Amino acid sequence: MSIKTQVEVVKDSLKEYPNVRVVAAVKYFDLDKTKEIVEAGIKEIGETRKDSFVTKYEALKDMNIIWHYFGVIKIPPKLNSSFIDAIDYLHSLDSIDLANAINKTRKKAEPLNCFVQVNLSGNANKTGLTETKIIPFIKNLAKYNKIKIVGLMTVVYSFDDDVLTNYFNTMKELQKEVQALNLSYAPCTELSMGMSNDYKLAIKSGATMIRIGTLFSK
C-alpha cells in the first residue's frame, strides 16, 4: 500500500472527528519517506530524537511543516536556541528545570506551545508527571513567558481496551481541571494521546492530536 493510500485510510477513519489533527511520528522513517508523508498530505511531523529532528527540519524547512518534538530533553546539557526555536509543539514538558531552560533559550517572540507529559502508570521508569503533580506543576509555570501550556500528553502502554479507555478518560478529566484554573498561559485546549494501535479509542475520549507512525509503514 502506498503512503498516499495509507494517509487516506487514516483520514477516512477520522471523518466523524474533523477537529482531530494527525501528527506523523517519523522516528523510524528516513528523510525520503518523511518527505513522502508530507507530500501525501500530512503537514504535522513529530520526531523523538534531536539529531534526526534537526536533519529533517533543515532538509524540509520549505514545505510548510508544523514541527512537533516528542523526545525527552535532558537538562543539562545547555539547550541550543536554534533547536528550541524550530519546535512548534513540544510534547514532553515535565520539569521546572526544563521550563527554565526553555524560557532562557527561546529567542522567538511567541511562546513555545507545550504539552505537559502525564505518566498515568506511575512507573518511575517512565517519563512524565503523575496525576497529582499536574496542577501544582502548571501553577508554577506562571513566570515563564516563553511557555504556553496548550494541552496534556500521555503514552499508554497497554493493548487492553478497558485499560486504555480508563487512561484516556482520566486525561480528559485532568484537562478539565487545568481549564478550570482559567490561566492565560495554560488554556489546555489540546489532548495529545493515541497512537497507531489505539487512536480510535483516544479520540472517543477527547484526543485532539493523534501520533501515527506504524500505520504509515505498512
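This is a predicted model: local features need pLDDT of at least 70, side-chain atom pairs count only at pLDDT 80 or more; totals for chains, interfaces and linings use all residues.
Reader: How is the packing of two helices described?

Author: In general, two packed helices are described by the angle between their axes and by the distance between those axes. In this model, helix α6 (residues 131–139) packs with helix α7 (residues 161–179) at an angle of about 25 degrees, and the axes are 11 Å apart. This makes α6 roughly parallel to α7, because angles under 35 degrees count as roughly parallel. The crossing of α6 and α7 is right-handed.

Reader: Which residues of α6 and α7 meet?

Author: From α6 come Glu 131, Ile 134, Ile 135 and Ile 138, and from α7 come Thr 170, Leu 174, Glu 177 and Val 178. The residues of this contact comprise 5 nonpolar, 1 polar and 2 charged. As a general point, an α-helix has 3.6 residues a turn, so residues three or four places apart point the same way.

Reader: What surrounds Ser 92?

Author: Ser 92 lies in strand β4 and is buried, with a relative accessible area of 3%. Leaving aside neighbours within four places in sequence, Ser 92 is in contact with Tyr 69, Phe 70, Gly 71, Val 72, Leu 98, Phe 115 and Gln 117. A polar atom of the Ser 92 side chain lies 2.6 Å from the backbone oxygen of Gly 71. Ser 92 and Asn 125, 33 residues apart in sequence, are 15 Å apart in space, C-alpha to C-alpha.

Reader: Which residues of helix α5 are buried, and against which elements do they pack?

Author: In helix α5 (residues 96–105), the buried residues are Leu 98, Ala 99, Ala 101, Ile 102, Asn 103 and Thr 105. These buried residues pack against α4 (81–86), β4 (89–93), β5 (112–118) and β6 (147–154).

Reader: Where is Ala 124, and is Ala 124 buried or exposed?

Author: Ala 124 is placed in the loop between β5 and α6. With 76% relative accessibility, Ala 124 counts as exposed, because the cut-off for exposure is over 50%. Ala 124 and Thr 48 are separated by 76 residues in sequence and by 20 Å in space, C-alpha to C-alpha.

Conventions: Residues are numbered from 1 along each chain as its sequence is written. Side-chain values use heavy atoms; hydrogens and water are left out. Axes are lines fitted to C-alpha atoms, for helices over the stretch in contact, and angles run from 0 to 180 degrees between N-to-C directions. Helices (H or I, at least four residues) and strands (E, at least two) are DSSP runs, numbered from the N terminus. Angles under 35 degrees count as roughly parallel, over 145 as roughly antiparallel, 65 to 115 as roughly perpendicular and the rest as oblique. A crossing is left-handed if the near helix is turned anticlockwise from the far one by less than a right angle, and right-handed if clockwise. Contact means heavy atoms within 4.5 Å. Ala, Val, Leu, Ile, Met, Phe, Trp, Tyr, Cys and Pro count as nonpolar, Asp, Glu, Lys and Arg as charged, and the others, Gly among them, as polar. Buried means under 20% relative accessible area, exposed over 50%, partly exposed in between (1.4 Å probe, protein chains only). A polar contact is a pair of N or O atoms within 3.5 Å; within protein, one must be able to donate a hydrogen and the other to accept it, and residues adjacent in sequence count only if both atoms are side-chain atoms.
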